[in-house]
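Please consider the following remarks alongside the model.

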Amino acid sequence: MAAKGEKLAADLAERLHTPPTRDLTFYLILILVVLPIWSIVPLSWAFVVYALRSGLVWTFACPGWGLFAIALSEVFFSAYHYNLTASVSGPTPNAPGNLLELQAVFKRVLQAGLASLPEEGFDEESLDVDRPGSPAETLTALDYNDPRAVDFRNYLRTWFGKVPWSSIRRDEMYSWLYWSIFNSAFPGLDKVSEPHRRALLEVIQMIELRAGSKIPEGSNPAVTPLLLTVDPINVAWRPFIWYAAVALSNAYLRRRLQSRWHAKVGVYKDLEYVLRIPPKWNARTGHRPIVFMHGLGLGLTQYRRFIQHIFVSLPEHPVLVPLLPHVSQEILHPRFLRPMSKTEMTSCLAGLLSELGWADLDEPSSDSSDSDEKASTGTNASAGKERAPQGVTMFSHSNGSFAHAWMLKMYPQMVTRSCFVDPVSFCSWEGDLCYNFVYRTCQTGFDLIVKYFVGTELGVANFLQRHFDWSANCLWYEEIPNARDPTKTIFFLGGKDSIIDSTRVRRYLTSHGVRKGIRFDPDGHHGQALLSISPSHNEILRWLREQH
C-alpha cells in the first residue's frame, strides 16, 4: 500500500493538465458585455471610413455630426492607444538585479517546503521557537518519490504551461532560469557570459536536487516556458469612451471624498493619495492610522464603497489611500506607463508616513502598550520626550500586497499591524498567479471579466508583463513581524479564488504556525471579502477597529 501511495504521488507531476470546458456564463458575458464594448472601435473605424468615402458626411444633420465626431474621436484614440501599446511592447526596462541577491532568493525558493512542518500548524501559545520553519534547511538530493520532490515538480511545471514534468528539457529550463534571474531572453548557453553560465549551472543543479530527478539534455519545442516580462505583451483594445468614463468617475469620487468626508487629495513627490484625518486626532495618543493599498482595476471607482465603509465604521482612525494610476486605467495620468518601483514606492510612502507623524522613519515603532510603559518608566533624561509614534495598520488587497510586502521588507518598523486580503505576494514563486492571470484561457464569465476588463488593459499589462519583479514581490513568512499573533497580523483567503491558489497559501502559512490569524472562506471568490454581503467584510472592519 505504501508503494502504491508513493507511485500515485510520483505520478502527480506527470498528469496531463486538461482545462475545464467553457461554461454558459462565458458565452453570456462574451456576447452581452465584452463584444459590445470591444466592437466600438472597429465599428467607429468602419463608420468614419464609409462616411468619408461615400460623401454622406456632408449630408449629416446635427445628430449625425455628433455621432461622426464621437466615432472620429474613437478612431484617433485607437491610434494613440496603438502607439502606447507599441511603446511598451519591447524589452522590459527593468535591469537585472544583483546576481548574488538573486541567487540567494532562488535558494530560498528551493528551501520552501523542505522542512518537516505539519500542515495543520503549531500551537502558537506553547511553541518555544520564534519562527518555526525558517530557511535553515540544507538543500540535499531528494528521492524521486519523496512527497516534497513530487510537490516541487508539480508546481514548478506551472511555469511551463503545466506540461508533464518528464517533457521538460534542459534548454527550456535554461530559458526560464535565465529570464527569472537576469530578466531577459536566453541567447544560448554558449553565448552567455562565464559568470552567468556558472550561475545557471549552479541553480539547475539545485533544482535537480530539489526535484529528485535529472533534467534531460536537449530541447522540446512542444514545451514553452512562461517568460512574463519577455513574452509578447497581451493587450486588448478598449474604446475612448471607456477610459473617459473611468477618468470622470475617479475625478468625481476625488471631489466627493473631499466634500462628503472632508478628505484631502494630495501628492507627495509622485505619490498621489487620499487622506482623511479626524479633526481631534493626535498623532501620539490617537487611534492607530490605517493605510489601504488597493489592487488592480478601476481605482477609486472600484473601491469607493469599501473606502466609505472604512470612513463610516472607523470615524476616529486616520485613513490613507495611496492611488495607483498605472493599475487604475487612468490613461492620461503622467505615471500611467511608469509604475513606481519597489525603491521609489517605499521611499515615497515611508517619507509620507514620517511627514504625517504616523511612524518614525529610522527608529522601530512600538505598539501602544509598550509606548505607555516606556512613558511611565522614563528617566529624567527622557522625561521630556514625547511618546513615539505608534506605526500604522497596513491593509492590502490583491495586487496591493506587493507594495505591502515591499514596506515590510524595507521599513518593517513603520508597520505595526498587517491585514492581507486575497494576497498575491505569497507562494507567487510557484507560478499560479502569473499563469492564472496572464496565460490561462478563460472558462467562465468571471474569468473573462477579469481578463478583458483588467488583465489585458494597457496599464495593467505593462505593469505585470514589463515591470514585474518576482524576487521583490515574494513575501516570506519570516519577513512578517508578529506573523503568528492574530491581533497583529491577519489573512483573509477565499477557497474559490481563481487568481491565486488559496489552498496552497493557507498551507504555507499554517505550516509555519499561523492558524488563528487565518480567515478562510471555502466559498469565497477573489475580491468577495470586500463586499458588504460577505461575512468577511464586517470581520475586516472589526479587526481594523481593534486597538493592539
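**Notes on the predicted model**

1. Ser502 is in contact (heavy atoms within 4.5 Å) with Leu493, Gly494, Gly495, Asp497 and Phe520, leaving aside residues up to four places away in sequence. Ser502 belongs to helix α18, residues 502-511; helices (H or I, at least four residues) and strands (E, at least two) are DSSP runs, numbered from the N terminus. At 3% relative accessibility, Ser502 counts as buried, where buried means under 20% relative accessible area, exposed over 50%, and partly exposed in between, for a 1.4 Å probe and protein chains only.

2. On conventions, the model is predicted, so local features need pLDDT of at least 70 and side-chain atom pairs count only at pLDDT 80 or more, whereas totals for chains, interfaces and linings use all residues. Residues are numbered from 1 along each chain as its sequence is written, and side-chain values use heavy atoms, with hydrogens and water left out.

3. The largest nonpolar core has 103 residues, and Met173, Trp176 and Ile207 touch the most other members. A nonpolar core is here a set of buried Ala, Val, Leu, Ile, Met, Phe, Trp, Tyr and Cys residues joined through side-chain atoms within 4.5 Å. Helix α7 (residues 170-182) gives the most to this core, contributing eight residues. Apart from this core lies another, of 28 residues, whose members include Ile290, Phe395, Phe492 and Ile540. As background, nonpolar side chains tend to be buried together in soluble globular proteins.

4. Which residues does Trp176 touch, not counting residues up to four places away in sequence? The partners of Trp176 are Phe106, Leu156, Trp159, Phe160, Pro225, Leu226 and Leu227.

5. Helix α13 (residues 400-410) is mostly covered, with nine of its 11 residues buried. The buried residues of α13 are Gly400, Ser401, Phe402, Ala403, His404, Ala405, Trp406, Met407 and Leu408. Their cover includes the strands β3 (290-293), β5 (392-397) and β6 (415-421), together with the helices α11 (342-356), α14 (432-439) and α17 (470-473).

6. How do α10 and α19 cross? The axes of helix α10 (residues 300-313) and helix α19 (residues 535-545) come within 11 Å and cross at roughly 45°. Axes are lines fitted to C-alpha atoms, for helices over the stretch in contact, and angles run from 0 to 180 degrees between N-to-C directions. The two helices α10 and α19 are therefore oblique to each other: angles under 35 degrees count as roughly parallel, over 145 as roughly antiparallel, 65 to 115 as roughly perpendicular and the rest as oblique. Phe306, His309, Ile310 and Ser313 in α10 meet His537, Ile540, Leu541 and Arg545 in α19.

7. A search of the whole structure finds zero disulfides, a disulfide being a pair of cysteine sulfur atoms within 2.5 Å. For Cys434, the nearest cysteine sulfur is that of Cys474, 9.4 Å away; Cys434 is buried at 4% relative accessibility. For Cys474, the nearest cysteine sulfur is that of Cys427, 9.1 Å away; Cys474 is buried, with a relative accessible area of 0%.

8. Two backbone values deserve a check. Gln329, in the loop between β4 (319-323) and α11, has phi near 60°, a positive value in a residue other than glycine. Gln329 is buried at 0% relative accessibility. Asn482, in the loop between α17 and β7 (489-494), has phi near 55°, a positive value in a residue other than glycine. Asn482 is partly exposed, with a relative accessible area of 37%.
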